[in-house]
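I opened the notebook on this model to record, entry by entry, what I looked up and under which cut-offs.

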Amino acid sequence: MPDNKEAGERPADPSPQWAMAIDLDRCTGCEACVVACSAENNVPVAGPDQAALGRAKHWIRIDRYYEGEFPNVKVRHRPVLCQHCDEAPCEPVCPVYATYQNAEGLNVQVYNRCIGTRYCANNCPYSVRFFTWFAPEWEEPLDLQLNPDVSVRPAGVVEKCTFCAHRIKRAKLTADEEGRPLRDGDVQPACVQSCPAEAMTFGDQTDPDSKVARAISSGRSEQLLPELGTKPRVFYLKKAD
Amino acid sequence: MDRRNFFKIVGTASGGAVTGACGKQATEIIPLLVPEEEIVPGVESWRPAVCGECGAGCRMLARVMAAEREIDHEGGRVRQRIAAVKKLEGDPSDPVSGGRLCARGHAALQGLYNPDRVRGPLKRTGARGEGQFEPVSWEAALEAVAEAVATQLATDPAKILFLSPPVAGTKAANVARFLGALGAPGARAVGFGDHAAELEASRRCFGWDGLPVYEIQDSTMALSIGADFLGSWHSPVLYSRRYGHMRQGRRGIRGRLVHAEARFSTTAWNADQWLPVLPGGELALALGIGQALLAELPAERVRDAPAPVRRAFSQVDLEAAAESSGITAATIRAAAADLAAADAPLVIAGASMVRPNSADAVTAACAINLLLDNVDRRGGIRPPASSGTGLEAHRPASAGWLERLAEARVVFLDRANPVYSTPAAADALADSEMVVSLSPFLDDTSTWADFVLPDHSDLERGGIVLPATAPSPALAATEPSFAPLHDSRDADKVLAALAEALGRPFAALDARTALQRLGERIGTAGDDGAAFASEALRRGGWSGAGQDILPDASPRLDEFASWSRPDGLLLQCYPSLQFGHGDGANRSWLQELPDPASSAMWSLPVELDPGTAERLGLANGDPVVIESAHGSLRAPAYINPAAIPGVLSMALGQGHTHFGRYASGRGANPMHVVGAARDAQTGATVTGPVAVTIRKAAGQGGLIQFSHQDRDAPPHRT
Amino acid sequence: MRLVGWRAGRAFVPATARASTLLLALAWAPAQQQPVAFPHSTHIEKAGLQCTDCHEGAAARDSAGLPSIRKCMACHQFIATDSPEVARLAEYWERRHEVPWVRVYGFAKQAAVQFRHAPHARAGVACSKCHGEVESMQTATLAVRHTMGTCIDCHRESNASDDCLACHF
């Protein structure tokens, strides 16, 4: 329970602590994750007019930074998604508690509680929160593709990466149905599932045998903007060059 | 209903069930009887499917769930519950995709559910190319087409031309049977994405009929010349997987990647070192590296190399190669030294951007592997794996397609868009007697058709597709598992019906029959192939173990033609990871996918170097006009710090005259400026370079970027 | 920032629950007019059917599901064919239509609730807990208001998760 965690105690039956690792030495910046995410999470297409106003949404994106000058140019790139911070700057600024961290470390956005102040998006140093300016529309028959496991967000709320919370839920229900505990690899967010270079891993970081825990302790692990003290749950494995 | 209206209704309504309040209209629409094979709401199933977005032929699993749609039915509107595809994922048992998928693969779903699909047969009403059509019955359309074909058969069947995608499988086999029955010449591809240079190089270097397989995952030092294998090329998912393994999949070994390309592509920015070779200088660079290797390799290894290879490389003047490629002799020597010192060296040879000398360039680069003696070695280059079905033989080639189009009186188009790749093709179409399109979309070329007989979407079709390249013998095979969404018909059956009507019937080949034949030969004892076929169809394909090692031929390396680069400012265009050669442009996910280099959405820019931008007084997003002897285009400028000075680059994908609501009339097609040049040896469409002038234009550029400037700044310290 | 957000969030729940009682009033209705009068009591108490005979997914799937007309006609091709309501049913069947049943229970899209039947059934929650004594109803009537309060109360009593994310995603 969260109250126990606040008091610094581990509960008897600890919840999984979800985390993601992205190996920048494998990641090619191919953006398969970006489209996989849109397909999985009913992320609407803004269209050119709204996109020109800065209203395009990508719950995960590839940031790129050019360094140096021709011919010695380097591009550093990095998939950026909600970092699911332990000390998330988005949470305290929400006047209606529509965003909080749950017992498994997920930064949750409750759409039907959100009143759309956008303070959270403003306060997020990673720019991963998106406001829904208009009721999303899918031109017939594109609506047939919508994933029934994920709510379509109405106009007026903020949305962002959920670590595919619906897949976590599904995996738990399946494990429950089969009468077994969750296993490492049971939960694969759409981006992780899709990644052609197999750069992404997801799992319970408190399980020392999990792939993600091993990646985090690989010695190449770093976090984005650690100096802000946000304690992200997304770990990047440095490019080895 | 949005939130505001919701609250309004809540404020006034006091009764009525959920649907009564929220969707009164919906309740009045009577639902149709659900199909016998009931689709249970909320229950998912995964069905095998094949990706047709490029030639890689990735096997996929389609997540199918119930969905409801409204349709016209017997004069009224009804609700219909259908099996809808919600998501596509790679099939983990497929040796090509390995369970993964690229951006374009995911967007195949938007091909199936594209609002601009041709929903039934169409007959042209306006002028050719205008895009004015009216619906027509299948019977009337087939009759009219059959009549035109019959007339042509009576005069000259050689002037019937079938333009197809460069993909092998049952469909290509059926097209071949159809044309054979008519006595017409074989189908042609239109020179885009056909890997013609790589296929030709494979024949010349190794005597192989098919694309070489690169064992990137096991190499310790890979030099790629001209192949943007992480961005598009032969099989982006397969090679991205292999790249990931090369970097971090082996304990204590991290493979090194050096990439030579005239653009800072996805592969270039992932490389440890990028060699910015000048456009068309890939041949000189490959020859230079071969020459330098002769000095770097131990004498006995050079002695063991095939004589034609030694001869070809020993004749090269390294300084001249350096001059011509734009890469210094010292850099060339260093790259050669790296290859010579590596445990498992590999040269990946390709032509993502096709030059007039690409076949030569890829041949020379391939030949370096012969010098490195890595053919059929771990971490080296392997022969293509034959599927064993014989379907490879029907892969359409491009050679001579434009000349044949100019002569053709009856033209069939199947997902071939020559007017986009070669705008001059429109003139040839304008003079034809009959143009028939089987494409599911009204694209730049289909709008020139007299009749559109829409094929099913790739996800609705069945058949065998052979992957462009696979680590082991492999094929994707499906049977139709969804009811077609629209009044489309399987192109194989349409061709069979046409042939029947012409009195020249042929037996159409389906996936099951082809698999049974394969099963008879390689299946288990006692199986007549039927069990093999059923199992393959259940799994969505088949892959065998082991390799077919094809006989080595004596390399033919003495036929390098000379080509000189035009002077001045150059433009080249390239297939992009989001649009390929332009055929992904009508998927809104891909339109809104930020371009990897420029972060542009809905608006592909011309990339230029900071020096040229400064000279012209250009800022990011300013409109420019680019002109060549062939034509001109207007596009926003993107100043790319990694652009080679004096070389402009533009992705293929925008500038479609017709391609549905998301792509029509959006941006510019750079092929108008590049012109209709083709590689004389292979027929592949040259995508540059071409000499151009550039000037700043008035008005707004229209560049829409996802990442704002602050994200272009150096990263925060981490 | 679990400290502020979560503690306050917990305190906030019942208030929202009460507020949503109002919101979800729209989901409450008296006896619903259905296209074909379907007497639940006749089918369950007299004919001895189980809920899951028709609502097949109620125990093991996400959604309980409404039966296809095929299921109705499996019996009613032979049984009670002289009833005017069964004649109405047969009319739909003749035209190859499903019956456009009016849903009695369900969540408004705006509630962003992702409800799954199966885990509730596994936890031993009786159908009547959320749907009332449907077996004795002539016409299915909304007997239990599905407000957030209803859900939360039960979740807390049975020590189930009261995380927002348990239902809203």
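What percentage of the 718 residues in chain B is made up of buried residues? I found that buried residues account for 61% of them, where a residue is buried if 20 or more other C-beta atoms lie within 10 Å of its own, exposed if 12 or fewer and partly exposed in between, with C-beta atoms placed from the backbone.

Ground rules. I noted that this is a predicted model, in which local features need pLDDT of at least 70 and side-chain atom pairs count only at pLDDT 80 or more, while totals for chains, interfaces and linings use all residues. Residues are numbered from 1 along each chain as its sequence is written, and chains are lettered from A and ligands numbered from 1 in the order in which they are written.

Confidence. I read an average pLDDT (the predictor's confidence in each residue, from 0 to 100) of 92 for chain B, with 93% of the residues scoring at least 70. I marked two stretches of chain B where pLDDT stays under 50, namely residues 1–27 and residues 710–718. Where pLDDT is low, the predicted coordinates should not be read in detail.

Overall form. I looked up the secondary structure of chain B and found 26 helices and 26 strands, counted as DSSP runs numbered from the N terminus (helices H or I, at least four residues; strands E, at least two).

Interface. I found 59 residues of chain A in contact with 61 residues of chain B, contact being C-beta atoms, placed from the backbone, within 7 Å. Helix 2 of chain A gives the most to the side that touches chain B, with seven residues.

A sheet in chain B. I traced an open sheet of three strands in the order 17-18-19, with antiparallel pairing, where two strands pair if DSSP finds at least two bridges between them. Strand 17 (463–465) and strand 19 (541–543) of chain B are at the edges with a single partner strand each, so one side of each has no neighbour in the sheet. Strand 18 (residues 474–478) of chain B pairs with strand 19 of chain B over three bridges, and I noted Ala474(B) opposite Ser543(B) in strand 19 of chain B.
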